[in-house]
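Please consult the sequence and the structure shown here while reading.

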Amino acid sequence: MRVVSLLPAATEIVAALGAGNWLVGVSHECDWPPEVRTLPRVTRSSVDSALPSAEIDRRMAAAKSGAGPPVTIDRDALGRLAPDVIIGQSVCDVCAVGEGDLTAAIATLSNRPRVVTLHAHDLAGVFADIGRVGEALDLQGEAEELVAGLRYRLGRLTAHHAPRTAHPRVLVIEWVDPPYVAGHWVPELVAAAGGVDIGARPGDRSVTRAWRELRALAPDVVVVALCGFDVPRARRELGAVTDSDGRALLAAARVGFLDGNAYTSRPGPRLVEAVELLTPLIGG
């Protein structure tokens, strides 16, 4: 079977199911597991990730307003790869190839591959997406086993928290200019790590909020897990914050960093590892 993945989470799911050798093409962002880095790239981004956060946000906002998608699909490459299965998404049209663009690209192919659309907004949705991929690859048993293992690990982590009357109040920031509060599955990760997410509820979309609002939440812990960035980049971004309320918020709370690109931005198997890393940051 020939599989093309259009987003990092899908690539990680395919590999976790033991079918990594079926991948023939991946998105420009796919970097895990390491062996996928040599595969052909079937998407490209017009936004340079090295730009300042504010400029990246501005260009993404322009894309939402109709200036053109920042992520596009290479139709010629897709045609040459002749996939049997393509895995796409319907969560964000500016972070990855959207459903409309994918449909248009598929219409140009001589074959008609099966399309699997991932659309998780919470952990239950992530587990359901793993099942969808497993079904499309005829690996239903492997998918069930993977999900069962992830649920078991989450349960073990939650059970190990020390009894307490009050859990740490946690704020997870996924962008700093402007500040965005992490949503989707992140509040569930915080709860599994022993904290209470005071910025979002499970399934909420990530939203921008003013530093003044975030300071008023008075978190015990601020976790900086920036979308698409590793810890060194997150430290640089946070160090560049000059807003007085933002600086006051960071001075009053315990601040921890997590590789958002690897662990919180991708709705795949490594979300459980995110909980393992969050637990000492939160103090659960």
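## Basis of the report

The structure is a predicted model.

## The cavity

Rolling a probe the size of a water molecule over the atoms shows where empty space is left. In this model, the count comes to one cavity of 30 Å³ or more. The largest cavity has a volume of about 40 Å³.

The lining of the largest cavity consists of Leu123, Val126, Phe127, Leu150, Leu154, Leu189, Gly268, Pro269, Leu271 and Val272. At least two lining residues come from each of α5 (123-136), α6 (140-159) and α12 (271-282). Helix α5 provides the largest share, with three residues.

## Helix α10

Helix α10 spans residues 244-252, and its buried residues are Asp245, Gly246, Leu249 and Leu250. Viewed down the axis of α10, these buried residues fall within an arc of 135 degrees, so they line one face of the helix. Ser244, Ala251 and Ala252, on the other side of α10, are exposed.

Which elements cover the buried residues of α10? The covering elements include the strands β7 (169-176), β11 (221-224) and β12 (254-257), together with the helices α8 (211-216) and α9 (231-239). At the N-terminal end, α10 is capped by aspartate 243, which has a side-chain oxygen 2.9 Å from the backbone nitrogen of aspartate 245. Aspartate 245 is also one of the buried residues of α10.

How values were computed: Residues numbered from 1 in each chain as written. Predicted model: local features only at pLDDT ≥ 70, side-chain atom pairs only at ≥ 80, totals over all residues. Heavy atoms only, no water. 1 Å grid on protein atoms, 1.4 Å probe; cavity = no way out; pocket = protein on both sides within 12 Å on 5 of 7 lines; lining within 4 Å. Points joined across faces, edges and corners; volume = space filled by probe spheres on them. Helix = DSSP H or I, 4+ residues; strand = E, 2+ residues; numbered from the N terminus. Buried < 20%, exposed > 50% of the residue type's maximum accessible area, 1.4 Å probe, protein only. Arc of directions from axis to C-beta. Contact = heavy atoms within 4.5 Å. Polar contact = N/O pair within 3.5 Å; in protein donor to acceptor, adjacent residues only side chain to side chain.
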